[in-house]
Amino acid sequence: MTLKYLITGATGGLGAGVLSYLAANVPASEYAAASSKEENRKQFEDRGIAFRVASYDDPQTLETAFEDVENLFFVSTSTFDVEKRRKQHQNFVDAAKNTNVWYTSLAFGGYGSESKADVQQAHLMTEEMLRQAGINFTSIREGLYVDAFPVFMGWYPSTSTIYLPSDGPIAFTLRSELGEANARLMIRGGYEREIVLLTAQQTITFSEIVDLINETTGRHVQLELVSPEEFVRLKTASDEGGKAEGFFQALLSWYEGISKGETGTIDPLMADLLERQPVTPHEALRAFLTENRDYEWHQNYVNRG
């Protein structure tokens, strides 16, 4: 029996959001959750959701999990190690021979494929893997999570001065709305061998975020633009989250892309899918900081995954 939708990364934020929408809107027989760990089975089956083990490091589990799947939601791995991601994604692509793949790419560069941002290189590489494999896929260029703004800015609740090498517009997008929009996109279907862009309908800059932090929390945070070399030195010496120099070196390519406007492209597709205007980055940030003036993001800390 064919399974209509298999959602990988189902324990992560985006995958969980997609799965939640499917659970509320399509028959349970049409979808299943996938995760790399067998011990996650119970949490899904207790909710009446079928479960399959799919470890990106174990090709055999992928072959088994993808059998008789019509639409495969391919959540990219969260590692910042590009080579590790390449191996994991190649395993995935090799196993996804007879499915429609919906790949969660990233919105650096908008619709183009010229971005030099380190984080985007892995996505461009994966898109090429899918093309070379002859797979019927859609690349979903996801707007950068507004939820993750602290890691993009190196901001912690104790931060008084944010040091960055550049500023620029970002179409920061709410992760929960991306989950819903991705699910609606799969249900709608189409877009074969296309790149689509899911973003909020407004942009925001780092300097505007600092103003929002101060306005919402009563802080007096300052933004100071420094040279790339000074940025790496300062962050390596003082990062509260324990991230290494290599991480900040890689970030330089992100900031270069942001300064060139690579994260400023917006598209109406997300509003069309949601049948409403997405939450703006300004609204989302104000809500986060109003609820918790000491808002944090797990990827800002080495030991939080």
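**Figure 1. Threonine 126 in helix α5 of the predicted model.** Threonine 126 is buried, since its relative accessible area is 0%, against a cut-off of under 20% for that class. The residue belongs to helix α5, which comprises residues 118–132. When neighbours within four places in sequence are set aside, the contacts of threonine 126 are with Phe74, His89 and Tyr103.

Figure 2. The aromatic pairs of the model number 16.

**Figure 3. The stacked pair of phenylalanine 149 and tryptophan 155.** A pair of aromatic rings is described by two quantities, the distance of the centres and the angle of the planes. For phenylalanine 149 and tryptophan 155, the ring centres lie 5.8 Å apart and the planes meet at 25°. The pair is therefore stacked, because centres within 6.5 Å define a pair and planes under 30 degrees apart define stacking. Both partners are buried: phenylalanine 149 has a relative accessibility of 0%, and tryptophan 155 has one of 1%.

**Figure 4. The stacked pair of phenylalanine 288 and tyrosine 295.** The ring centres of phenylalanine 288 and tyrosine 295 are separated by 4.8 Å, and their planes form an angle of 15°, so this pair is likewise stacked. Phenylalanine 288 counts as buried at a relative accessibility of 16%. Tyrosine 295 also counts as buried, at 12%.

**Figure 5. The loop between α7 and β8, with glutamate 194 and tyrosine 191.** Glutamate 194 occupies the loop that joins α7 (175–188) to β8 (195–198). Its relative accessible area is 37%, so glutamate 194 is classed as partly exposed. Apart from residues up to four places away in sequence, glutamate 194 touches Phe137, Thr138 and Ser139. The C-alpha atom of glutamate 194 is 31 Å from that of lysine 37, a residue 157 positions away along the chain. Tyrosine 191 is located in the loop between α7 and β8 as well. The phi angle of tyrosine 191 is near 60°, a positive value in a residue other than glycine.

**Figure 6. Aspartate 68 and its backbone angle.** Most residues other than glycine have a negative phi. Aspartate 68, by contrast, has a positive phi, near 65°. Aspartate 68 lies in the loop between α3 (59–65) and β4 (69–74). With a relative accessible area of 44%, aspartate 68 is partly exposed.

Figure 7. The C-alpha trace spans about 60 × 35 × 35 Å along its principal axes. Of the 305 residues, 52% count as buried. Among contacts with a separation of 6 or more, 76% come from residues 24 or more positions apart. The protein exposes about 13,100 Å², of which carbon and sulfur atoms supply 47%. Its 27 positive and 43 negative charges have mean positions that are 3 Å apart.

Technical notes
Residues numbered from 1 in each chain as written. Predicted model: local features only at pLDDT ≥ 70, side-chain atom pairs only at ≥ 80, totals over all residues. Heavy atoms only, no water. Phe/Tyr/Trp six-rings, centres within 6.5 Å; stacked < 30°, edge-to-face > 60°. Buried < 20%, exposed > 50% of the residue type's maximum accessible area, 1.4 Å probe, protein only. Helix = DSSP H or I, 4+ residues; strand = E, 2+ residues; numbered from the N terminus. Contact = heavy atoms within 4.5 Å. Areas by Shrake-Rupley, 256 points an atom, 1.4 Å probe, with all protein chains shown as cover. Lys, Arg positive; Asp, Glu negative; His and termini not counted. Charge placed at Lys NZ, Arg CZ, Asp CG, Glu CD.
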